[in-house]
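Welcome! Please take a look at the model below, and then let us walk through it together, one stop at a time.

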Amino acid sequence: MLNAPVRFDANEWFVCITMLVLIVLFAVTPKMFSKQAALCLMLFHSVLGLTADMIIGVAYPWDFYDTMDTPGYDWFDFFIYTVNYPLYGYFFGTGMKLWERRGWPLPLLIAGAALLSLLLEWLSVQFQVFQYKNGWHVWDSLLAYSVIFCGSAAFVKLVMRWEGHVFYRGRG
Amino acid sequence: MYRFPFFMFKGREEYMVLLEFAVVSACVWLLYRQKLLFRLNTLVNGLFCLYLIQMVEGIIVSNQKYVVVTHNAWTFLTYLIHLMGTVPCIALLAVYYARRGKDGTSHPAASSIGVWLAGTIVLTLGEFMLESAGIIRYSRGFHPGASWLFWAVWLAAVFVWDRLIYLKEAKDVGAC
């Protein structure tokens with residue numbers, strides 16, 4: 001089963017506060033996607049986080065960081081993957097929809113999202129949410145985020161296209 | 001005692017990768033044939049399968065119920081394709097056949113319980129293969145019986161999720 005954190009300290013507070021902020025933002029902002037499309041975006045970003053952590057944060061092929069108090073999963077890892085990553089991804093999708101509506105260039109949004117994520121990661125490192133090892137540096141994450149948000153943008157476009165298709169069929 | 005016939009692949013991870021790849025390809029082809037591949041509903045279900053399997057596997061591995069022996073690229077690739085390709089694809093097919101059985105549109109013999117049982121057996125056999133090939137290793141009393149139970153509960157959760165989403169979608173479309 002899921003383990004309890006070793007100690008309820010800075011990293012747990014950081015996760016709780018960011019989770020709360022994201023939930024409040026989600027509750028008060030207008031919904032730009034259908035329920036199914038929103039669910040899709042959230043699940044995709046959760047899976048993206050889980051996969052990225054499995055590839056570069058576990059033993060093989062690379063082990064560049066640990067999360068929270070232990071290398072294994074605890075309750076707060078569960079919250080990160082189930083609430084924080086999905087809502088963050090959902091807001092990226094919402095931002096992208098607004099961005100495209102104004103006709104602004106998409107690479108600027110991707111760069112902005114990567115930089116914002118870098119800032120948040122730096123903050124989370126200060127709060128011991130991530131502990132780097134084996135030579136990883138916060139700037140290395142910029143490259144990772146750039147790749148991740150390119151994939152993310154492609155996925156949001158796909159969902160927007162399929163969402164339109166579903167609505168069209170529904171009304172027909 | 002529990003060795004699956006594919007034990008012959010032990011130490012031959014290349015074959016396991018090919019086998020996993022072949023299973024995923026066959027499943028994707030079947031999904032395509034059933035016109036399920038390019039649909040938002042399939043995407044939601046597939047992503048839910050990925051979320052659930054990765055989360056649960058993470059918890060199991062954290063509790064050292066089994067160890068993933070990824071000592072080289074082949075074993076890692078096999079594990080990755082199994083976890084992120086074979087398992088979700090088989091679950092998606094099971095969901096599809098269970099749905100058709102339930103709706104009575106075709107496959108009248110395919111009741112949800114029958115499909116669930118068949119899906120559980122296939123998923124358990126898939127894990128046997130990985131275990132037999134030495135890609136995962138059971139520990140702390142985890143055994144194939146527990147593995148069967150694990151897949152049974154996991155697939156049941158996917159079925160419940162699908163019913164919730166499918167009914168919601170039907171309701172939304174009706175409301176339009």
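Where does Ser111(B) lie? This residue sits in the loop that links α3 (73–103) and α4 (112–132) of chain B. Before we go on, please keep in mind that what you see is a predicted model. If you now look for Ile136(B), 25 residues apart from Ser111(B) in sequence, you will find the two C-alpha atoms 32 Å apart in space.

Let us step back and view chain B as a whole. Its secondary structure amounts to 5 helices and 2 strands. Starting at the N terminus, these elements follow the order α-α-β-α-α-β-α. Chain B has 176 residues, and 35% of them count as buried. Take the contacts in chain B between residues at least 6 apart in sequence: 80% of these join residues at least 24 apart.

Within chain B, strand β1 (residues 66–68) has the lowest confidence, with a mean of 74, while α2(B) has the highest, at 91. For chain A, the mean pLDDT is 88, and 95% of the residues reach 70 or more. One stretch of chain A calls for some caution: over residues 166–172 the pLDDT is below 50, and this stretch has 5 contacts in the model beyond near neighbours in sequence. For the complex, the predictor gives an ipTM of 0.90 and a pTM of 0.88.

Now to a place where the two chains meet. Helix α2 (residues 35–56) of chain A and helix α2 (residues 40–62) of chain B have axes that come within 9 Å and cross at roughly 35°. This crossing of α2(A) and α2(B) is left-handed. On the α2(A) side, the residues that make the contact include Leu39(A), Leu43(A), Phe44(A), Val47(A) and Leu50(A). On the α2(B) side, Leu43(B), Val44(B), Leu47(B), Phe48(B) and Tyr51(B) are among them. Sorted by type, the residues of the contact between α2(A) and α2(B) are 16 nonpolar, 3 polar and no charged.

Chain A has helix pairs of its own to explore. Helix α1 (residues 10–28) of chain A packs against α3(A) at an angle of about 35°, and the axes are 10 Å apart. The crossing of α1(A) and α3(A) is left-handed. From α1(A), residues including Val15(A), Met19(A), Leu22(A) and Phe26(A) meet residues of α3(A), among them Phe76(A), Phe79(A), Ile80(A) and Val83(A). The contact of α1(A) with α3(A) divides into 10 nonpolar, 2 polar and 1 charged residues.

The axes of helix α3 (residues 75–101) and helix α4 (residues 106–126) of chain A come within 10 Å and cross at roughly 150°. An angle over 145 degrees counts as roughly antiparallel, and α3(A) and α4(A) are therefore roughly antiparallel to each other. Their crossing is right-handed. Here Phe92(A), Gly95(A), Met96(A) and Trp99(A) of α3(A) meet Leu106(A), Leu109(A) and Ala113(A) of α4(A). These residues of the contact of α3(A) with α4(A) divide into 6 nonpolar, 1 polar and no charged.

Most residues other than glycine have a negative phi. Asn134(A), however, has a positive phi near 55°. You will find Asn134(A) in the loop between β2 (130–132) and α5 (140–171) of chain A. With 9 C-beta neighbours inside 10 Å, Asn134(A) counts as exposed. In chain B, Lys35(B) is not a glycine either, and its phi is positive at about 60°. Lys35(B) belongs to the loop between α1 (13–33) and α2 of chain B, and with 9 other C-beta atoms within 10 Å it is exposed.

Our last stop is Leu31(B), in helix α1 of chain B. Is Leu31(B) buried, exposed or partly exposed? With 19 other C-beta atoms within 10 Å, Leu31(B) is partly exposed. Leaving aside residues up to four places away in sequence, Leu31(B) touches Leu36(B), Leu37(B), Leu92(B) and Leu93(B). Thr42(B) is 11 residues apart from Leu31(B) along the chain, and their C-alpha atoms are separated by 9.3 Å.

Conventions: Residues are numbered from 1 along each chain as its sequence is written. Chains are lettered from A and ligands numbered from 1 in the order in which they are written. This is a predicted model: local features need pLDDT of at least 70, side-chain atom pairs count only at pLDDT 80 or more; totals for chains, interfaces and linings use all residues. pLDDT is the predictor's confidence in each residue, from 0 to 100. Two residues are in contact if their C-beta atoms, placed from the backbone, lie within 7 Å. Axes are lines fitted to C-alpha atoms, for helices over the stretch in contact, and angles run from 0 to 180 degrees between N-to-C directions. Helices (H or I, at least four residues) and strands (E, at least two) are DSSP runs, numbered from the N terminus. Angles under 35 degrees count as roughly parallel, over 145 as roughly antiparallel, 65 to 115 as roughly perpendicular and the rest as oblique. A crossing is left-handed if the near helix is turned anticlockwise from the far one by less than a right angle, and right-handed if clockwise. Ala, Val, Leu, Ile, Met, Phe, Trp, Tyr, Cys and Pro count as nonpolar, Asp, Glu, Lys and Arg as charged, and the others, Gly among them, as polar. A residue is buried if 20 or more other C-beta atoms lie within 10 Å of its own, exposed if 12 or fewer, and partly exposed in between; C-beta atoms are placed from the backbone.
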